[in-house]
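Subject: Structure handover

Hello,

The structure we spoke about is below, with the sequence. My notes on the helix and the charged pairs follow it.

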Amino acid sequence: QADGSVLVTSGKTQVLVTVCSAMEQKPGQDFFPLLVEYIEKFYSAGKFLGGFMKREARPTTAETLNARLIDRPLRPLFPEGYMFETVVNCTVVSYGEDGDPEVLAGLGASAALCISDIPFAGPIGSCKVGKIDGNLVINPSFEEWDQSEFEITVSASKDAILMVEGEANQHSEKDILEAILFAHENIKDFCNLVDTMVSEVGKEKRIFIPVDQNKT
């Protein structure tokens, strides 16, 4: 029933991403109501809460921050004047140490929007870059991050870098720029893959009437 959905898999890690956008606009809507949710549950790792707390509470800080990382590069790529309520939901179905669900969620969000009928100027891709033993590594495992000199998250289209987030300790601008460009080259391959998906299963984009800007 979703407008677009994908199941992204890497090793034993799987993330289900669904996107839905309203067909009717709320009266007086003057901003784009985009909601991005990233959800991790204990059951994805085969664990269940017991004792007094039997239900998981509100999203953790890490979940909220990752939802924002997904939201940030997506939001500018919706057409101007598109004010229809839109929800991107990323749910970690299963978790394994050989796949990063945060990265998979970002990739899935782009792919689901591209194959849906929701207007979106994609595709885009996301990845993390580390430097281990002097070599740049795309999406290191959780154990490898302990050996990495820095952690940088990059989101980009085939033509431009859209977002950079990360942390490092005493690294030159040249090293960081090299890592960003390295990430972009790998993202281009993912964007080409999404283009293939769109040609095979993509829906025709819906027609909508843009909302005029309030000039008063």
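How many residues apart in helix α4 are Glu 185 and Lys 188? They are 3 residues apart, so about one helical turn separates them. An α-helix has 3.6 residues a turn, so residues three or four places apart point the same way.

Before the rest, some notes on the source. This is a predicted model, in which local features need pLDDT of at least 70 and side-chain atom pairs count only at pLDDT 80 or more, while totals for chains, interfaces and linings use all residues. Residues are numbered from 1 along each chain as its sequence is written, and side-chain values use heavy atoms, with hydrogens and water left out.

Salt bridges

Glu 185 and Lys 188 form a salt bridge through their side chains, at 3.1 Å from N to O. The term means a side-chain nitrogen of Lys or Arg within 4 Å of a carboxyl oxygen of Asp or Glu. By this rule there are 10 salt bridges. Glu 185 is partly exposed at 46% relative accessible area, and Lys 188 is partly exposed at 26%. (Buried is under 20% relative accessible area, exposed is over 50%, and partly exposed is in between, with a 1.4 Å probe and protein chains only.)

Glu 165 and Arg 72 also meet in a salt bridge, 3.0 Å from N to O. Glu 165 is in strand β8 and Arg 72 in helix α1, so this pair ties together parts 93 residues apart in sequence. Helices (H or I, at least four residues) and strands (E, at least two) are DSSP runs, numbered from the N terminus. Both residues are partly exposed: Glu 165 at 34% and Arg 72 at 41%.

Asp 117 and Arg 206 form another, with the closest N and O atoms 2.9 Å apart. Asp 117 sits in the loop between α2 and β5, and Arg 206 in the segment after α4, 89 residues apart. Asp 117 and Arg 206 are buried.

Asp 100, Glu 102, Lys 128 and Glu 151 are joined in a network of salt bridges.

Helix α1

Helix α1 covers residues 61-74. Its 14 residues should span 20 Å at 1.5 Å a residue, and the end C-alpha atoms are 20 Å apart, which agrees. The expected span is 1.5 Å times one less than the number of residues. Among the buried residues of α1 are Leu 69, Ile 70 and Leu 74. The buried residues of α1 pack against β3, β4, α2, β7 and β8, where contact means heavy atoms within 4.5 Å.

Regards
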